[in-house]
Amino acid sequence: MQSSRRGAAPRRLVLVALCGLLSGCAVRGLDGLSPEQKSAAHRVEAYLNRPVMLQGNFTQVGPRDNGGAGRFTYQPGALALDYLSPHPMTLRASGAHLVLDDSQTGAVTRLSLSRNPLGLLLHVPVRFGGSIRVTDMRRVPGASQISLAEADNPSQGLLTLRFIDHDRTLVLSTLDGVDARGNHIVLSLADVSETGVSPKN
């Protein structure tokens, strides 16, 4: 019993620290970033708001090793995933909702994007300020990474976007999201191409 109590105190301290990190209500937008990080974040912001459509292949690793693969399409405000494995399914995310249609079982799942970190990517336009907080911005030769959360409620989840960064050109390569329940999903993108001007939202 004594050893249990001794272990409980550090755990409580860790939980208190985590709650403090996640509360962050006074921290908004680009607060706390260096000038270099702010410049890099605005570069990502401009990339996401370009009136173009991206297409390519994706592989997914999800909770409990649930995986998948297929084709994706992204344009400002909308993401579409067409699964080829483990079996045909479609995911459509735009506006306030995400809809997953499983053609094998006939099940249709509809989720709110307000509590899903993917929703941070689908603002029109994406603005790193106000409701979206940049929690981290990193650059290394050949790559960039930005982490985003809701400014007023960061405990709802974290979305990290990774980019290939070459010759002053960004290419989206990974969507890495953790929701409020700790579910972790990674979409790795490949063969990404720009297919033209997207329809106006």
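1. Let's start with Ala46, which is partly exposed, because its relative accessible area is 47% and the exposed class begins only over 50%. Keep in mind that this is a predicted model. Ala46 sits in helix H2, which covers residues 35-48. Have a look across to Pro125 as well: 79 residues separate Ala46 from Pro125 along the sequence, yet their C-alpha atoms are 9.5 Å apart in space.

2. Pro125 is worth a stop of its own. A cis peptide bond joins Val124 to Pro125, with omega at about -10°, and Pro125 belongs to the loop between E6 and E7. There is also a cis bond between Ser85 and Pro86, where omega is about 5°. Pro86 is placed in the loop between E3 and E4. Why flag these? Because most peptide bonds are trans.

3. Back to helix H2, this time for Arg43. Which residue does Arg43 pair with in a salt bridge? The partner is Asp165, and the closest N and O atoms are 2.8 Å apart. This pair links distant parts of the chain, as Arg43 is in helix H2 and Asp165 is in strand E9 (residues 157-166), 122 residues apart. Is Asp165 buried or exposed? Asp165 counts as buried, because its relative accessibility is 9% and the buried class is anything under 20%. Arg43 counts as partly exposed, at 24%.

4. Arg139 forms a salt bridge with Asp165, with 3.4 Å between the closest N and O atoms. Arg139 lies in strand E7 (residues 132-140) and Asp165 in strand E9, so this pair ties together parts 26 residues apart in sequence. Arg139 is exposed, with a relative accessible area of 52%.

5. How many salt bridges does the structure hold? There are six. Another one to look at joins the side chains of Arg138 and Asp136, at 2.5 Å from N to O. Arg138 counts as exposed, with 53% relative accessibility.

6. Now for the strands. E4 and E5 run antiparallel and are joined by six bridges. If you want a pair to click on, Thr90 has Asp101 in E5 as its bridge partner. The hairpin of E4 and E5 has two residues between the strands, and Gly95 takes a positive phi near 60° there.

7. E5 pairs on with E6, again in the antiparallel sense, over five bridges. Here Leu98 has Leu111 in E6 as its bridge partner. The hairpin of E5 and E6 has five residues between the strands, and in this hairpin Gly106 takes a positive phi near 85°.

8. Leu98 and Leu111 turn up again in the largest pocket, where they are among the residues nearest the centre, along with Asn116, Asp179 and Ile185. The largest pocket has a volume of about 1,000 Å³ and a lining of 34 residues. The elements giving two or more residues to that lining are strands E3 (78-85), E4 (89-94), E5 (97-102), E6 (108-112), E10 (169-179) and E11 (184-194). Which element gives the largest share? That is E10, with five residues. By class, the pocket lining has 18 nonpolar, 11 polar and five charged residues.

9. A search of the whole structure finds one cavity of 30 Å³ or more. The largest cavity holds about 40 Å³ of space. Its lining is made up of Tyr47, Leu48, Arg50, Val52, Leu54, Tyr74 and Pro76. By class, that lining has six nonpolar residues, no polar ones and one charged residue.

10. Asp191 has a positive phi of about 55° although it is not a glycine. That stands out because most residues other than glycine have a negative phi. At 59% relative accessibility, Asp191 counts as exposed.

Methods: Residues are numbered from 1 along each chain as its sequence is written. This is a predicted model: local features need pLDDT of at least 70, side-chain atom pairs count only at pLDDT 80 or more; totals for chains, interfaces and linings use all residues. Side-chain values use heavy atoms; hydrogens and water are left out. Helices (H or I, at least four residues) and strands (E, at least two) are DSSP runs, numbered from the N terminus. Buried means under 20% relative accessible area, exposed over 50%, partly exposed in between (1.4 Å probe, protein chains only). On a 1 Å grid over the protein atoms alone, a cavity is a set of points where a 1.4 Å probe fits but cannot get out, and a pocket is an open set with protein on both sides within 12 Å along at least five of seven lines; lining residues have an atom within 4 Å of a point. Grid points are joined across faces, edges and corners, and a volume is the space filled by probe spheres set on the points. Ala, Val, Leu, Ile, Met, Phe, Trp, Tyr, Cys and Pro count as nonpolar, Asp, Glu, Lys and Arg as charged, and the others, Gly among them, as polar. A salt bridge is a side-chain nitrogen of Lys or Arg within 4 Å of a carboxyl oxygen of Asp or Glu. Two strands pair if DSSP finds at least two bridges between them.
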